[in-house]
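Work through the following exercises with the sequence and the structure at hand. Each task is followed by its solution in steps.

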Amino acid sequence: MTISVRKAASAAVLSAALGAALAGCGGGAAPPDAGREARLGTPAASASAAASGPASAPPSAAGAGAAPQAGAPAKPPTMAPGPNGLTPVFERAKQQTDKTVALTFDADMTSDQGPRAAGGERFDNPRLITALRTLQVPSTIFMTGRWAEEYPDQAKAIGTDPNFEVANHSYSHHAFTSPCYGLPALDAAAARADVDRAFAAFRTAGAVNTVPYFRFPGGCYDDQALRALSTAKVTAVQWDVVSGDAFATDPDAVAEQVLAGVKPGSVVVMHCTRSAAPVTEEAVRKIVPELRKRGYRFVKVSELIGK
């Protein structure tokens, strides 16, 4: 299958240098055209609609057996499958007049980065999480299972805080289609198992405010990847605003890029990894008050999908 990459990121963000950098810190790529048909899935309008069909969350996604904490949606809205049962893909709210925006943060860590963490490299960003709490910004954290294993106390703290919801960013941060910024690729069976392993890591860490949403490493997918995840009953979540925070050194530039791109119903992709996105916290402290001044309200992805 020929894989092409399309619209979401600007040419500046997807320069060759950044493309190489994103191999270890996904979130800069846009979805290939091959998966476009899956976006025809219909978002569930309410929890009751979600319960009537494939929108109900699978036990692995919802953290079966654990009592949900405050802020954990009992039945998070999902989208109905696309044509031929493909995993649906969400990019931006259909209701595009309400001035809501979702800030999302990828907590990236690949399955083979343990030695780097042991050597002192920080893949977490506690100051960012503190800033989001202080600013009272509801957020969706797309976490890899490997990150949850490396930082179980933080995963639990995030996943039991009503300010946040934890979504799946795979276990290994390997590619679900290829090419994808040089990431090693998983076959269909391994891809499906990788998603389950990440949800299991969240449960082990005690993160109960989990939602049945999935973000492809690097943002790379095609029909084969969507088909491989169809039995997981997740909604794939992409974005329409690239923050450019990966390996950025200028928080003002990151803030300006986000502020220039946000529209009602937008999903912004950012990162929660100090080593790979060192200025994100500072950028967020600039972005949030300005968007509020413009009349925007911050929401989790689950609220956008539910519109």
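**Exercise 1: the setting of Val166**

Val166 is found in strand 4, residues 164–168; helices (H or I, at least four residues) and strands (E, at least two) are DSSP runs, numbered from the N terminus. The model is predicted, so local features need pLDDT of at least 70 and side-chain atom pairs count only at pLDDT 80 or more, while totals for chains, interfaces and linings use all residues. Residues are numbered from 1 along each chain as its sequence is written, and side-chain values use heavy atoms, with hydrogens and water left out.

Task: decide whether Val166 is buried or exposed, and list its contacts beyond four places in sequence.

Step 1. Buried means under 20% relative accessible area, exposed over 50%, and partly exposed in between (1.4 Å probe, protein chains only). Val166 has 0% relative accessibility, so Val166 counts as buried.

Step 2. Contact means heavy atoms within 4.5 Å. Leaving aside neighbours within four places in sequence, Val166 touches Ile141, Met143, Ile158, Gly159, Phe202, Asn209, Thr210 and Val211.

Step 3. Pro212 is 46 residues from Val166 in sequence, and their C-alpha atoms are 8.9 Å apart.

**Exercise 2: the disulfide**

Task: find which cysteines a disulfide joins, and which parts the pair ties together.

Step 1. A disulfide is a pair of cysteine sulfur atoms within 2.5 Å. The whole structure has one disulfide. Cys180 is joined to Cys220, S to S 2.2 Å.

Step 2. Cys180 lies in the loop between strand 4 and helix 8 (188–205), and Cys220 in the loop between strand 5 (210–214) and helix 9 (223–228), so the pair ties together parts that are 40 residues apart in sequence.

Step 3. The torsion about the S-S bond of Cys180 and Cys220 is about 80°, so the disulfide is right-handed. Both Cys180 and Cys220 are buried.
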